[in-house]
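Some questions and answers follow, for a reader who is new to protein structures. Look at the chain first, then read on.

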Amino acid sequence: MYESNLKSLPRIGRGKVRDLYAVDGDKMLILVSDRLSAFDVVLSDPIPDKGRVLTEMANFWFTKLAHIVPNHLTGIDPERMVRSDEEKSQVRGRSMVVKKLEPLPVEAVVRGYLIGSGWKDYQKTGAVCGIRLPAGLKQAEKLPEPIFTPATKAAEGHDENISFERMCEVVGRPLAEKIRDISIRLYKEAADYAAARGIIIADTKFEFGTDAKGDLVLIDEVLTADSSRFWPADQYRVGISPPSFDKQYVRDFLETLDWNKAPPAPKLPQDVIARTSAKYREALERLTGRGLS
């Protein structure tokens with residue numbers, strides 16, 4: 001499914017991957033499409049089953065980590081929110097009804113390994129997002145402790161890494177410190193769980209909102225193959241970029257092309273689409289012990 005079309009509910013937004021619909025006054029339905037974005041550009045080729053995998057994985061983590069921070073799930077069956085059988089088939093397995101909250105304008109990024117933009121930053125400056133790291137670290141090396149590197153959220157174009165001090169200016173220091181501490185705890189607990197199942201979570205990003213009382217709530221997606229970098233532990237080697245269970249496989253392919261990372265994105269070959277779909281499904285099976293229902 002590249003784009004949903006629900007007549008029963010008013011659509012209130014369309015993100016890079018998610019379509020948003022209003023439900024009553026204080027809830028909304030999030031439908032996860034099979035769209036894929038790379039370098040913050042939405043590709044024209046959908047990845048089969050991707051939306052269902054992401055929804056299943058997010059629901060798994062929301063439930064598993066609920067003791068750390070409340071989340072936006074309501075427990076309402078999305079199929080009850082639409083009328084026709086055709087619309088029920090659209091939402092089935094790829095949507096959730098959530099509380100409508102005030103999203104915070106920052107992404108909470110936690111890095112446990114030196115890879116991606118963090119590796120590039122470290123090579124130039126010896127630091128990642130202003131956080132000084134020991135000298136002599138290699139690509140994909142595990143950091144002494146996970147680091148918190150926030151970013152701004154961009155509706156269009158590229159997100160931008162910011163310093164923790166800048167985040168404090170945006171949301172206030174008490175809330176920034178709370179988000180940082182909760183994010184690192186979420187990452188550590190998830191990384192320990194995943195490691196026991198043969199997956200390294202190299203880094204991830206969380207998003208938060210606040211409710212009417214001002215309380216912090218985990219929203220959007222959590223620890224999915226879109227918001228995280230998953231590596232097979234048995235193929236991990238320091239000094240190289242390990243193979244991934246996530247969209248890094250697509251990023252690596254796109255890096256081989258003469259593309260300026262601006263829309264429109266190049267078309268993906270069928271073998272890249274098929275292998276990416278298989279990687280998403282394998283990550284779900286390894287982490288949860290079950291495949292798609």
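Q: How many helices and strands does the chain have?
A: The model shown here is predicted. Helices and strands are runs assigned by DSSP and numbered from the N terminus. Counted this way, the chain has 16 strands and seven helices.

Q: What is the radius of gyration of the chain, and why does it agree with a compact globule?
A: A compact globule with 293 residues would have a radius of gyration near 19 Å. The value for the chain agrees with that, because it is 19 Å.

Q: Which share of the residues of the chain counts as buried?
A: A residue is buried if its relative accessible area is under 20%. Of the 293 residues, the share that counts as buried is 51%.

Q: Which share of the contacts in the chain joins residues at least 24 apart?
A: The contacts considered are those between residues at least 6 apart in sequence. Among these, the share joining residues at least 24 apart is 64%.

Q: How many aromatic pairs does a search of the whole structure find?
A: Two rings pair if their centres lie within 6.5 Å. With this cut-off, the search of the whole structure finds nine.

Q: What kind of aromatic pair do F60 and Y193 form?
A: The ring centres of F60 and Y193 are 5.7 Å apart, with 45° between the planes. Planes under 30 degrees apart count as stacked and over 60 as edge-to-face, so the rest are tilted. The pair of F60 and Y193 is therefore tilted.

Q: Which helices does the pair of F60 and Y193 link?
A: F60 and Y193 are 133 residues apart, so the pair links distant parts of the chain. F60 lies within residues 50-64 and Y193 within residues 173-195. The helices are α1 for F60 and α5 for Y193.

Q: What kind of aromatic pair do W61 and Y193 form?
A: The centres of the two rings lie 5.6 Å apart, and the angle between the planes is 80°. An angle over 60 degrees counts as edge-to-face. The pair of W61 and Y193 is therefore edge-to-face.

Q: Is W61 buried or exposed?
A: The relative accessible area of W61 is 1%. The cut-off for buried is under 20%. W61 is therefore buried.

Q: Which residue lies over the face of Y193?
A: Y193 belongs to one aromatic cluster with F60 and W61. At 3.6 Å from the ring centre of Y193, over its face, lies R197.

Note on methods
Residues numbered from 1 in each chain as written. Predicted model: local features only at pLDDT ≥ 70, side-chain atom pairs only at ≥ 80, totals over all residues. Heavy atoms only, no water. Phe/Tyr/Trp six-rings, centres within 6.5 Å; stacked < 30°, edge-to-face > 60°. Helix = DSSP H or I, 4+ residues; strand = E, 2+ residues; numbered from the N terminus. Buried < 20%, exposed > 50% of the residue type's maximum accessible area, 1.4 Å probe, protein only. Lys NZ or Arg CZ within 6 Å of the ring centre and 35° of its normal. Rg over C-alpha atoms; globule rule 2.2 N^0.38 Å. Contact = heavy atoms within 4.5 Å.
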